[in-house]
Amino acid sequence: MACFVGVWFLVERLMAWSAVDDGGAVDDDGLGRLHDTHGSWLASPNALLLTAFMAVGPGWLCGWWQTVAQASVPAARAAVLLATTPLWGAAWAAATMGERMTTMGWVGGLTVVGGTMLVALER
């Protein structure tokens, strides 16, 4: 996470340094619209707190819990369970952002669910 924040910071600084004679505004979207680069997101305490939370909570803590849990599950079963990750991402996007599944998305999702059920029923 620290690497991503560092790269983000460097890119933002390079964009700010490239804004020489326009009073600190940069055409960062390629459409000719100028955006102020003086109000860096790194200067915001809220942005830094959210970044720290994302690094510790979903980043480190969830990774650690996953590693601990995988130690008690056979490798084949863990691989199939981890293959459901895109399903949870699609469900989250549909629930929170109104995303719609295509026919191939439904077919793929049902295939993953079917495979997961077969492994779960296998003894």
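The chat below goes from the chain as a whole to one residue and then to a pair of helices.

Reply: This is a predicted model, in which local features need pLDDT of at least 70 and side-chain atom pairs count only at pLDDT 80 or more, while totals for chains, interfaces and linings use all residues. Residues are numbered from 1 along each chain as its sequence is written, and side-chain values use heavy atoms, with hydrogens and water left out.

Me: OK, how many helices and strands does the protein chain have?
Reply: The protein chain has five helices and two strands, where helices (H or I, at least four residues) and strands (E, at least two) are DSSP runs numbered from the N terminus.

Me: And where is Thr 116, and is it buried or exposed?
Reply: Thr 116 lies in helix 5, residues 103–121, and it counts as buried because its relative accessibility is 17%; buried means under 20% relative accessible area, exposed over 50% and partly exposed in between, with a 1.4 Å probe and protein chains only.

Me: Which residues is Thr 116 in contact with, apart from neighbours within four places in sequence?
Reply: Thr 116 is in contact with Val 80, Leu 81 and Thr 84, contact meaning heavy atoms within 4.5 Å.

Me: New topic: at what angle do helix 3 and helix 5 pack?
Reply: Helix 3 (residues 75–82) packs against helix 5 at about 155 degrees, with the axes 9 Å apart; axes are lines fitted to C-alpha atoms over the stretch in contact, and angles run from 0 to 180 degrees between N-to-C directions. Helix 3 is therefore roughly antiparallel to helix 5, a label for angles over 145 degrees.

Me: Which residues in helix 3 meet helix 5?
Reply: Arg 77, Val 80 and Leu 81 in helix 3 meet Gly 115, Thr 116, Val 119 and Ala 120 in helix 5.

Definitions and conventions. Angles under 35 degrees count as roughly parallel, over 145 as roughly antiparallel, 65 to 115 as roughly perpendicular and the rest as oblique.
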